[in-house]
Amino acid sequence: MTLLADLKQAPAAIIPACGDGHTFQMLANSKAPAIFLSGQLTTDHLIAEGDQGLLSITEYKNYAFSLGLKKAQPLLLDLQSGFGNPLNTYYAAKELERSGADIMILSDQKYPAHNTDQPATTTAEDFIGKIRAGLDGIENSDIEIWARLEGLHEYGLEGFKGRARYAYNAGAKAIILDHYTDADLETLAKADLPLPLLATLKAGQTAKAIDADNFYGYLDLGHLDFAAHKALETAMADLLK
């Protein structure tokens, strides 16, 4: 079975995210359906910054390779916004394949990607070019690209549907809704989309069981990390009091 087929078995499945080796090892030993090595969380772990645009493809792919040796589930790696133009995306996808990616998440943000609530997005033409370039760079036909659409505030629900169609035609295997309201998610989950739909899950959000055939669950972007951080704060306070 594919990861999407596994996710469909649970009404509110979550793919957990991490950026550090300790959490990765715990997730590899857990019942998590897959692991997402978030670019943002990796940047926070490696250089104590919360902006994934500060992390180079070389730094990220080397770290991903080291952790990927310990994976026991499908590994999702962060292709971000392609690390540049479509040619950069082509070579970045090659690097992430060698680092153990089973699925790559490609955002439609403008390069470089940033951690912000309303990111600027690239043109549909550029995004299509990056999806195709990424797939051209991948040798293993079993490796998938999932499109993370972050511009609902710019192109609206109809624009989202249009980009979903473009992503499908370019060869993506799923779409991920980011920066949304509950009403947005409910509407798009019931829309006639050409690809399976997932949604991001951030700190403070709650995963809900969505009654729609085309909704496949959530991609964590920091929910687990936030809970772990709060627990660490409590442990530090107890230790240092």
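Tutor: Contact means heavy atoms within 4.5 Å. Leaving aside its neighbours within four places in sequence, Phe-215 is in contact with Lys-8, Leu-185, Ala-189, Leu-197, Leu-198, Ala-199, Lys-208 and Ile-210. The model is predicted: local features need pLDDT of at least 70, side-chain atom pairs count only at pLDDT 80 or more, and totals for chains, interfaces and linings use all residues. Residues are numbered from 1 along each chain as its sequence is written, and side-chain values use heavy atoms, with hydrogens and water left out.

Student: Which residues have the most contacts inside the largest nonpolar core?

Tutor: In soluble globular proteins, nonpolar side chains tend to be buried together. A nonpolar core is a set of buried Ala, Val, Leu, Ile, Met, Phe, Trp, Tyr and Cys residues joined through side-chain atoms within 4.5 Å. Buried means under 20% relative accessible area, exposed over 50%, and partly exposed in between (1.4 Å probe, protein chains only). Here the largest core has 53 residues, and those with the most contacts inside it are Met-104, Phe-160, Ile-175, Leu-185, Leu-197 and Phe-215. Helix α7 gives the largest share of this core, six residues. Another core, of 19 residues, lies apart from it and includes Ile-15, Ala-17, Ile-103 and Leu-198.

Student: How many aromatic pairs does the count come to?

Tutor: A pair of aromatic rings is described by the distance of the centres and the angle of the planes. Rings of Phe, Tyr and Trp (its six-membered ring) pair if their centres lie within 6.5 Å; planes under 30 degrees apart count as stacked, over 60 as edge-to-face and the rest as tilted. The count comes to two aromatic pairs. The ring centres of Tyr-90 and Tyr-91 are 5.0 Å apart and their planes stand at 90°, so this pair is edge-to-face. Phe-215 and Tyr-218 also form an edge-to-face pair, with 5.3 Å centre to centre and 80° between the planes. Both Phe-215 and Tyr-218 are buried, whereas Tyr-90, at 24% relative accessibility, counts as partly exposed.

Student: In what order do the strands of the sheet lie?

Tutor: Helices (H or I, at least four residues) and strands (E, at least two) are DSSP runs, numbered from the N terminus. Two strands pair if DSSP finds at least two bridges between them. The open sheet has nine strands in the order β1-β9-β8-β7-β6-β5-β4-β3-β2, with parallel pairing. Its edge strands, β1 (14-15) and β2 (17-18), each pair on one side only.

Student: Is strand β4 enclosed or open, and why?

Tutor: In a regular strand the side chains alternate between the two faces of the sheet. Six of the six residues of β4 are buried, so this strand is largely enclosed by the rest of the structure. Leu-75, Leu-77 and Leu-79 lie on one side and Leu-76, Asp-78 and Gln-80 on the other. On pairing, β4 and β5 are parallel over four bridges, and Asp-78 has Ile-105 as its bridge partner in β5.

Student: What kind of unit do β5, helix α6 and β6 make?

Tutor: A crossover is right-handed if, with the strands pointing away from the viewer, the path from the first strand over the helix to the second runs clockwise. β5, helix α6 (residues 124-137) and β6 make a right-handed β-α-β unit. β6, helix α7 (residues 152-170) and β7 make a right-handed unit as well.
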